[in-house]
Amino acid sequence: MNLKLCLYLSALKKITMKRLLLFSAFLIITNALFSQKNYQIKTIAFYNLENLFDTINDLDKDDESSPIMQIKENKAAIYLQKLNNMAKVLSEIGESESKNSPVIIGVAEIENRGVLEDLIKTDFLKDKQYGIIHYDSPDLRGIDVAFLYQENHFNPVHHEIFELKLWDANGPRIYTRDQLLVSGYLGDELIHIIVNHWPSRSGGEAKSRPNREKAAYLNTKIIEQIKLTDPNPKVIIMGDLNDDPINSSLKTILKTKGKKSDVKEGDIYNPMEELFKQGQNTLAYRDNINLFDQILFTSPLLATNSNYTSFKMYKTNVYNPPYLTTQTGKYKGYPFRSWGNGSFTGGYSDHYPVYMYLIKEY
């Protein structure tokens, strides 16, 4: 008899021996049945890679203002270290549970397809067989979102970009990141992933808020398009949203639900809302903490009982091991970023990555 059972039985002195024996048998049978269940675990992740730019001046972009282009010496060595730093983090996310790096990764703040090709060739990722889906966006800084996937786990069947068209109050166009939709099969299940990097809070949260609300609205239109061929779709929305889970872009426009019990068919559940209320964060700025990096999803991916015959969310969290956090100095407790004061710090990103486990019984 195991220790847990002994402790439990000792607390039930008034129960007859017959009942104790029956209860003991029940525990043994239950444990045996549970142990017979096997689950496959897939990690889905998002990471803002903080200005992952190459060392080549692109005349069609304003990449001269990128941090690495401001450095005078050892650019090639710094670029390689930046790649390896990013790859190390990506290789570790979810590994403790799934015994694999993420099968799907959304990324932001990358310059072009070339940096992704260099990223997946690093020693940390080269054996993972990652494919790349990337489009150049009209963003003036030259930064894009993109999608990485392990080819032996995910099979993309459709992808396209959706342009977010914004105009300044005075008339000129605001060029920002596109939103990337990738649809494909995780095993034999069709899922849809929307990768986002919403407009920044430049000029202040209130002034810039309408731009992020329009970004959220574009997500609703993408979901409407998906529903034309997949009426009750499994949609994962991920990205650096530049808003917290409680802001209007999510609560009013996307109508996200923060409690599982409130989620109805067709709703969007945001597990990051509870994490935010618990004090979790993915970045810090001027001593304010925010949870801008998020993964949320539609109701078919939410487990409402113990039925895992199709993929369901098991856990969503922020990946923030100690080495990703600044340990000393003025920015102690902040994410250990790559760039600062015109130089390479040796760090990683000014954002923590976020991840989700999908599990399925087999």
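Tyr-323 counts as partly exposed, at 25% relative accessibility, in this predicted model, and Lys-88 lies over the face of its ring, at 4.8 Å from the ring centre. Tyr-348, by contrast, is buried, with a relative accessible area of 11%. The rings of Tyr-323 and Tyr-348 have their centres 5.2 Å apart and their planes at 65 degrees, so the pair is edge-to-face. This pair links distant parts of the chain, with Tyr-323 in the loop between S16 and strand S17 (339–340) and Tyr-348 in the loop between strand S18 (343–344) and strand S19 (354–361).

**Other aromatic residues**
- The structure holds 12 aromatic pairs, among them the edge-to-face pair of Tyr-39 and Tyr-308, whose ring centres are 6.1 Å apart with the planes at 90 degrees.
- Tyr-39 lies in strand S1 and Tyr-308 in the loop between strand S15 (293–298) and strand S16 (312–318), 269 residues apart.
- One aromatic cluster is formed by Tyr-314, Tyr-319, Tyr-355 and Tyr-357.
- Arg-173 lies over the face of Trp-167, at 5.6 Å from the ring centre.

**Helix H6**
- Val-115, Leu-116, Leu-119 and Ile-120 are buried in helix H6 (residues 113–120), and they are on the same side of H6 because they cover an arc of only 130 degrees around the axis.
- Asn-112 caps the N-terminal end of H6 through a side-chain oxygen that lies 3.1 Å from the backbone nitrogen of Gly-114.

**Nonpolar cores**
- The largest nonpolar core has 71 residues, and those touching the most other members include Leu-116, Leu-119 and Phe-147.
- Helix H4 (residues 75–92) contributes the largest share of this core, seven residues.
- A second, separate core of 19 residues includes Phe-162 and Leu-166.

Definitions and conventions:
Residues numbered from 1 in each chain as written. Predicted model: local features only at pLDDT ≥ 70, side-chain atom pairs only at ≥ 80, totals over all residues. Heavy atoms only, no water. Core = buried A, V, L, I, M, F, W, Y, C linked by side-chain atoms within 4.5 Å. Buried < 20%, exposed > 50% of the residue type's maximum accessible area, 1.4 Å probe, protein only. Helix = DSSP H or I, 4+ residues; strand = E, 2+ residues; numbered from the N terminus. Arc of directions from axis to C-beta. Polar contact = N/O pair within 3.5 Å; in protein donor to acceptor, adjacent residues only side chain to side chain. Phe/Tyr/Trp six-rings, centres within 6.5 Å; stacked < 30°, edge-to-face > 60°. Lys NZ or Arg CZ within 6 Å of the ring centre and 35° of its normal.
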